[in-house]
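This report describes the packing in a predicted model.

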Amino acid sequence: MADPHRKRPALQVVREGNPGKRPVKAGVVVPPGDLAEPDWREVFPASKNRSIRGENIRARNVARREWRRVVPVLTKTAGLGDVDEALVRDYCVCVARLDQCERAISRDGLLMAGERGWQKHGATTIASAYRAQLKVYVRELGLSPSARAGIKPPGDDDGDDDPFD
C-alpha cells in the first residue's frame with residue numbers, strides 16, 4: 001500500500017488519472033547554477049597509511065562518479081542552483097562513506113571477535129547512520145518520485161483568501 005501522507009508525483013497523477021480534478025502542482029524552479037565539482041582530494045586526503053590511502057582513493061572515485069551522475073540530471077529536472085552545491089557535495093560524501101562501510105563489512109564480516117566474544121561490526125552502526133542521512137538527502141534533493149511531488153513552487157499561495165494578512 002502506498003504511503004497516504006506523501007503526494008504522488010505530478011507525472012504519476014497524469015498517467016493514472018486525476019478523478020478529483022484537483023490542480024496538478026509543478027515542482028519548484030530555481031535559477032540554474034553552474035556547479036563546479038569539488039576537489040575530492042581535499043575531502044578524502046592522502047594518507048601515509050596504505051589501507052586508508054586506498055580507501056580514500058576509492059571514496060574519491062565513488063563521490064566523483066555520483067556527482068557526475070546526479071548533478072546534470074538535477075540541474076535540468078529540478079533546477080539545481082548554486083545554493084545547492086554544499087548539499088549535493090555532502091550527499092556525494094555520504095554515498096562514498098556508505099560504500100566504505102559496506103566494503104568493510106564485506107571484507108571483515110558482520111561479526112567480529114571482541115573483548116566479550118562475538119560482536120557486530122562497528123561499520124554496521126555507521127552504515128545505518130549514513131543510510132538515515134542519505135534518506136534525508138534524497139528527500140531534500142528530490143531524488144525520489146514522492147520527494148519531487150512534495151516540493152511546492154514559490155508564490156503558490158493566494159494572499160487574497162488569508163484572513164491574517
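## The largest nonpolar core

In this predicted model, the largest nonpolar core holds 28 residues, of which Trp40, Phe44, Trp67, Leu80, Val88, Tyr91 and Cys92 touch the most other members. At least two residues of this core are supplied by each of α2 (40-43), α3, α4 and α5 (122-141), and the largest share, 11 residues, comes from α4.

## The crossing of α3 and α4

Helix α3 (residues 50-77) and helix α4 (residues 85-108) have axes that come within 8 Å and cross at roughly 135 degrees, which means that α3 is oblique to α4. The crossing of these two helices is right-handed.

On the α3 side, the residues that make the contact include Ala59, Val62, Ala63, Glu66, Trp67, Val70 and Val71, while α4 contributes, among others, Val88, Tyr91, Cys92, Val95, Ala96 and Asp99. By residue class, the contact of α3 with α4 comprises 11 nonpolar, two polar and 10 charged residues.

Val88, which is found in helix α4, counts as buried because its relative accessibility is 0%, where the cut-off for burial is under 20%. Apart from neighbours within four places in sequence, Val88 is in contact with Trp67, Val71, Leu80 and Leu141.

Definitions and conventions: Residues numbered from 1 in each chain as written. Predicted model: local features only at pLDDT ≥ 70, side-chain atom pairs only at ≥ 80, totals over all residues. Heavy atoms only, no water. Axes fitted to C-alpha atoms, helices over the stretch in contact; angles between N-to-C directions. Helix = DSSP H or I, 4+ residues; strand = E, 2+ residues; numbered from the N terminus. Parallel < 35°, antiparallel > 145°, perpendicular 65-115°, else oblique. Left-handed = near helix turned anticlockwise from the far one by under 90°. Contact = heavy atoms within 4.5 Å. Nonpolar A, V, L, I, M, F, W, Y, C, P; charged D, E, K, R; others polar. Core = buried A, V, L, I, M, F, W, Y, C linked by side-chain atoms within 4.5 Å. Buried < 20%, exposed > 50% of the residue type's maximum accessible area, 1.4 Å probe, protein only.
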